[in-house]
Amino acid sequence: MNPELILDPLNAAQREAVSAPDANLLVLAGAGSGKTRVLVHRIAWLVHEFGVMPFGIMAVTFTNKAAAEMRARLEQMLDISTRGMWVGTFHGLSHRFLRAHWEQAGLPQNFQILDSDDQLRVIKRVTRDMNLDEDRWPPKQTQWWINSHKDEGRRAFEIEDHGEPVQSTLLSVYRQYEAACERGGMVDFAELLLRSWELWLKDAALLAHYRQRFQHLLVDEFQDTNTIQYKWLRALAGPEARVTAVGDDDQSIYGWRGAKIENIHQFQRDFTGVRLVRLEQNYRSTANILNAANAVIANNYGRLGKNLWTDGGEGDPITLYAAFNEQDEARYIVDELQKWIAAGHQRAESAILYRSNAQSRVLEEALLRAGIPYRVYGGLRFYERLEIKNALAYLRLLLNRNDDAAFERVVNTPPRGIGTSTIDAIRAAARTRSVPLWAAAKDIASSLPARARNALQGFIDMVNQLQRDIDSLELAEKVDRVLLVTGLLEYHRTEKGERGETRVENLEELVSACRAFTPEDPERGAMEQFLDTASLDAGDTQAEEFEDSVQLMTLHSAKGLEYPLVFLAGMEENLFPHAMSREEPGRLEEERRLCYVGITRAMQRLIMSYAESRRLHGRETMNGMSRFLREIPPELLQEIRPRLQVTRPMGSWNSSNKWGQTPISHGPKKMGSDPIFLGGGRGGFRQEESEGLRLGQRVRHPRFGEGVVIGFEGQGAHARVNVNFATEGAKWLVVSMAKLESV
Ligand code: ATP
Ligand code: MG
């Protein structure tokens, strides 16, 4: 192949990087400037021009998917097999290494990888074996403490015991945990890296072998490497290998998980003769999108600073939708998607990005209703998430004690001392007597040893008592009580770090879902109907991998990706920037970098939205628009008002405005300055009718009380009406079933 083919599709700066002499190279550049492209073409160049064998190349990517794409691209460009090449994530590559050298690494051949949940279980067992009180020493916090040391490359024996009681205790748990992993041949995620690194330091011959083999190391998304990853890279590279690192300090978004932006500076000090190349031309986004991103990130301090430009056109203005609430936001997004698809675009060319996992529920429901296939990228759909499935299993068991699957799921979740031997005994008894697990448990409880008996009887009594207690409550209050009494909420609350928080948020979101749920069949209980809906939502409606579908994901998992149409939903204070960022210094800047990542995923169209009022995590909030929106120059934005103006005070209503989405040309100066009153009903807006109801009409519902009609959807038997209730917030109801009365 002709070297021109490798260089042709590149600009001058990219060519300089790709064809740089065979030495250490750092490409530092903003989003969409072609860093990943440079990395791939650099590999092609190494093979083609410098005659490097694919066998001698290791490339570190951010996800396995990115690794697969990189291979495909190379095979197409070079027409060679990339099989000998090591391309993958830090964890994946370490794993591959340890599988090949388990013996030298002191591991059994069939060593087990512990995922985060498995790891927690082991730490729990250790805590218990050491007779430590789990309330004082929450295993989740211990897990976080241990992992943060491992991510820094520190073993327990390397940590100095200051004799301070808390630290001493955690340290001994760490020691015991290491011993337990050792005995069981278990390796957690951080261990994969740590153990590979240690093996290299210990076994000079082995290290020499790998250094000899991998003369070329290339790392994408370098700004998000943590300490152990950096050490790993340095050890493997040694003084001889040539490292190409590409990254963007403005896109460092994993500080909360130990990533160190400083590694970019450190790289220039630790490696010799590093050639620095900056790329400044962005090929991904329109000028409007790029200018918005540049304006936002300019508010951060201590940046390495860069000047990103595009010679593409201005493109469409960025749309900003000020939604009435989260339902209205989701509906708007679905409407825009439908227009986009109708215009002949692929669904897969669009992505909806959000800050918190829990936000996906309302969006998923709106997509399901509209019959638009979607995929939740890098995560589970709401009703498939572990904590949600656990909570639903409790509800199922409350409704039906014979639900064995539900019983199995929750009998020891959260852990309450019902061990595997007890559960095995229950299973055996159920089998011999041919009764459900619940009945078997009741039967054998008294014959168990005291500790197991108390634990099991405690569980049975709790479920029975809970059922009596919640009997007269509304659905949302029922679920709220279940989360509390069963200890599920507390269990995740003590889980340190983002993971625990996410689970708590999801559980609270489940309460929101119940509050917004309107049972349609008066003959059956609300909880039963809710469970039906939830299991349908969790069913096989998720689009298949190959099916053309809209992509849903958190901002964190959108790193490195790009889409012609991007929605950034939930642009509100406390949601984004996340409320957590108020507490820790540096976090707000990390949130802003995350916003920069989000905006720069968009190629042609960017649609941002925020809700005046949002029910999330079980609470109604009015956070106001995100500060990041105010950081975007107004002339880049086109604000769209909700089609339903019930929240507007009369005086501010301009009678020439029509129903429908109304562009307001003067940008965000005015936004947020209009006082917004919830509860509506002030009138002063045009009226629209459907099924005998008018917009703005006051109505009464037998259960939800008084409210104001704020929207319609569908016709005839399917007609639905949106009513903003004084106490319950906005709800969609089927007109023919809702029994609304005019007041
Ligand atoms: P991020 O910071 O988001 O990871 P990046 O710097 O890695 O972005 P790439 O993903 O490599 O950027 O490139 C962004 C887009 O621009 C891609 O669609 C890529 O194909 C395109 N691109 C990059 N360089 C050029 C070029 N010289 N000519 C045309 N298109 C280009
Ligand atoms: Mg990239």
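**Backbone, ligand and helix packing**

Pro-414 sits in the loop between helix H17 (404–410) and helix H18 (420–433), where helices (H or I, at least four residues) and strands (E, at least two) are DSSP runs numbered from the N terminus. This is a predicted model, in which local features need pLDDT of at least 70 and side-chain atom pairs count only at pLDDT 80 or more, while totals for chains, interfaces and linings use all residues. Residues are numbered from 1 along each chain as its sequence is written, chains are lettered from A and ligands numbered from 1 in the order in which they are written, and side-chain values use heavy atoms, with hydrogens and water left out.

Q: What is omega for the peptide bond that joins Thr-413 and Pro-414?
A: Most peptide bonds are trans. The bond between Thr-413 and Pro-414 is cis, with omega of about -5°.

Q: Where is Pro-577 found?
A: The peptide bond from Phe-576 to Pro-577 is cis, and its omega is near 5°. Pro-577 belongs to the loop between strand S13 (563–568) and H25.

Q: What is the phi of Asn-131?
A: Asn-131 is placed in the loop between helix H6 (116–129) and helix H7 (139–151). Most residues other than glycine have a negative phi. Asn-131 is not a glycine, yet its phi is positive, about 55°.

Q: Which helix gives the largest share of the shell around ligand 1?
A: The ligand 1 shell has 19 residues, each with a heavy atom within 4 Å of the ligand. The largest share, 3 residues, comes from helix H3 (residues 35–49).

Q: How are H13 and H25 oriented to each other?
A: Helix H13 (residues 287–297) packs on helix H25 (residues 587–599) at about 175°, with axes 9 Å apart; axes are lines fitted to C-alpha atoms over the stretch in contact, and angles run from 0 to 180 degrees between N-to-C directions. Angles over 145 degrees count as roughly antiparallel and 65 to 115 as roughly perpendicular. H13 is therefore to H25 roughly antiparallel.

Q: How are H9 and H10 oriented to each other?
A: Helix H9 (residues 189–202) and helix H10 (residues 204–213) have axes 5 Å apart and an angle of about 110°. Leu-199, Trp-200 and Lys-202 of H9 meet residues of H10 including Leu-206 and Tyr-210, contact meaning heavy atoms within 4.5 Å. H9 and H10 are therefore roughly perpendicular.

Methods
Angles under 35 degrees count as roughly parallel, over 145 as roughly antiparallel, 65 to 115 as roughly perpendicular and the rest as oblique.
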